[in-house]
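Reader: I'd like to go through this model with you. Can we start with the ligand site and then move along the chain?

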Amino acid sequence: MDPRLLDGKKLSQKIKDSIAEEIRQMVAAGKKPPKLATILVGNNPASETYVSMKVKACHSVGMLSEKIELPESTTTEELLKVIDRLNADPNTHGILLQHPCPHQIDERAAFDRISLQKDVDGVTTLSFGKLSMGVETFLPCTPYGMILLLREYGISPEGKQAAVVGRSPILGKPMAMLLTEMNATVTLCHSKTKGLEEIVRNADIVVGAVGKPEFVKASWIKPGAVLLDAGYNPGNVGDIEISKAKEISSYYTPVPGGVGPMTIAVLLLQTLYSAKDHFTPPLK
Ligand code: NAP
């Protein structure tokens, strides 16, 4: 076993085992298991696969799920009505709207209709605002999954220089916020960033969140850096040139088996928290 490996497969299983145990105890005490509702709009094959994986993961820990499949032609108003129904249902603890929605849908309006208490995917404007203010809320699953990996392996971001490459609202931007909360000094990079190579070269923590295969080159990596690769491109390739970069790193996430499995584990964890009427505990 490579001592530098941040093993997301192993940690996600550990988290799922503890969730399953807690649900067993809830059920033994006469309570209903938590329930996650998933909404899939349209027929995007990748989205169908992601939703199926999430539903399967729910069942694997004894959680209930409600899978809602809406046609490609669904309007924003129709989708909002479905979300309203789930918000009002006391037996639904989490709502996941699979991204991307068909183009006619106002996706931001749909995400923001999800009540804060059921936003277990951490995608609403309000959740992001609270996270940015350091107030308890549910966190975006992939960034929080990366933070849990750092914590599991005793890696503190405090005082470190971090480069986050990619600033999407569900990934790069909240990851930069979380690392900032944990006292790292963060440079959030994007397609208009000048001198990216140099910024990465100075980073103790590098987050790949670009969506371009092996975009971050091994030659840019500072010796001893921690590499977190959220990228998932066809052929099981991440956003960091990890096969070469891992030799230079102190720790790295593999693709697959790194960040990906953590995303689903966090989704389940936050659904359990919601069923227990609390948000995700503070980071520090
Ligand atoms: P996205 O919405 O397409 O965002 C990509 C980001 O990369 C944008 O901020 C973009 O900058 C930036 N970028 C593009 N070209 C760049 C360049 N040449 N230099 C620097 N930055 C550049 O993608 P996403 O949804 O965040 O996903 C990113 C990757 O993570 C994908 O591979 C996706 O599959 C993966 N992902 C994995 C999980 C998981 O569960 N493991 C979850 C979500 C996403 P601009 O803002 O300037 O356009």
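Author: What follows covers the ligand shell, the record's annotations, and some backbone details.

Author: This is a predicted model, so local features need pLDDT of at least 70, side-chain atom pairs count only at pLDDT 80 or more, and totals for chains, interfaces and linings use all residues. Residues are numbered from 1 along each chain as its sequence is written, and side-chain values use heavy atoms, with hydrogens and water left out.

Reader: Which residues come nearest to the ligand?

Author: R167, S168, S191, Y232 and T263, out of 19 residues around the ligand. A residue is near if one of its heavy atoms lies within 4 Å of the molecule.

Reader: What classes make up the shell?

Author: The shell has 10 polar, 6 nonpolar and 3 charged residues. Ala, Val, Leu, Ile, Met, Phe, Trp, Tyr, Cys and Pro count as nonpolar, Asp, Glu, Lys and Arg as charged, and the others, Gly among them, as polar.

Reader: What share of the ligand does the protein bury?

Author: The protein buries 70% of the 930 Å² that the ligand exposes when taken alone. Areas come from the Shrake-Rupley method with a 1.4 Å probe; for residues, only the protein chains shown count as cover.

Reader: Where does UniProt put the "binding site" feature?

Author: The unreviewed UniProt entry puts it at G166, R167 and S168. From this set, the lining of the largest pocket takes in S168. A pocket is found on a 1 Å grid over the protein atoms alone, as an open set of points where a 1.4 Å probe fits, with protein on both sides within 12 Å along at least five of seven lines; lining residues have an atom within 4 Å of a point. UniProt positions use the numbering here, feature names are shortened, and annotations may be inferred rather than shown by experiment.

Reader: Is G166 buried or exposed?

Author: G166 counts as buried because its relative accessibility is 11%. Buried means under 20% relative accessible area, exposed over 50%, and partly exposed in between, with a 1.4 Å probe and protein chains only. G166 sits in the loop between strand 4 (161-165) and helix 7 (172-181). Helices (H or I, at least four residues) and strands (E, at least two) are DSSP runs, numbered from the N terminus.

Reader: Domains now. Which residues does the NAD(P)-binding one cover?

Author: The unreviewed UniProt entry has "domain: Tetrahydrofolate dehydrogenase/cyclohydrolase NAD(P)-binding" over residues 140-278. That stretch is 35% helix and 14% strand, with end C-alpha atoms 16 Å apart.

Reader: And the catalytic one?

Author: "Domain: Tetrahydrofolate dehydrogenase/cyclohydrolase catalytic" is listed by UniProt, unreviewed entry, at residues 6-121.

Reader: How far apart are D277 and Q117 in space?

Author: They are 8.0 Å apart, C-alpha to C-alpha, and 160 residues apart in sequence. D277 is in the segment after helix 10 (259-275) and counts as exposed, since its relative accessibility is 73%.

Reader: Switching topic. Which residues are joined by cis peptide bonds?

Author: H99 and P100 are joined by one, with omega about 5 degrees. V255 and P256 are joined by another, with omega about 0 degrees. P100 is in the loop between strand 3 (94-97) and helix 4 (107-113). P256 is in the loop between strand 8 (251-252) and helix 10.

Reader: Why flag those?

Author: Most peptide bonds are trans, and most residues other than glycine have a negative phi.

Reader: What is the phi of E214?

Author: About 50 degrees, positive, though E214 is not a glycine. N236 is another non-glycine with a positive phi, about 55 degrees. E214 counts as partly exposed because its relative accessibility is 29%. N236, at 38%, counts as partly exposed.
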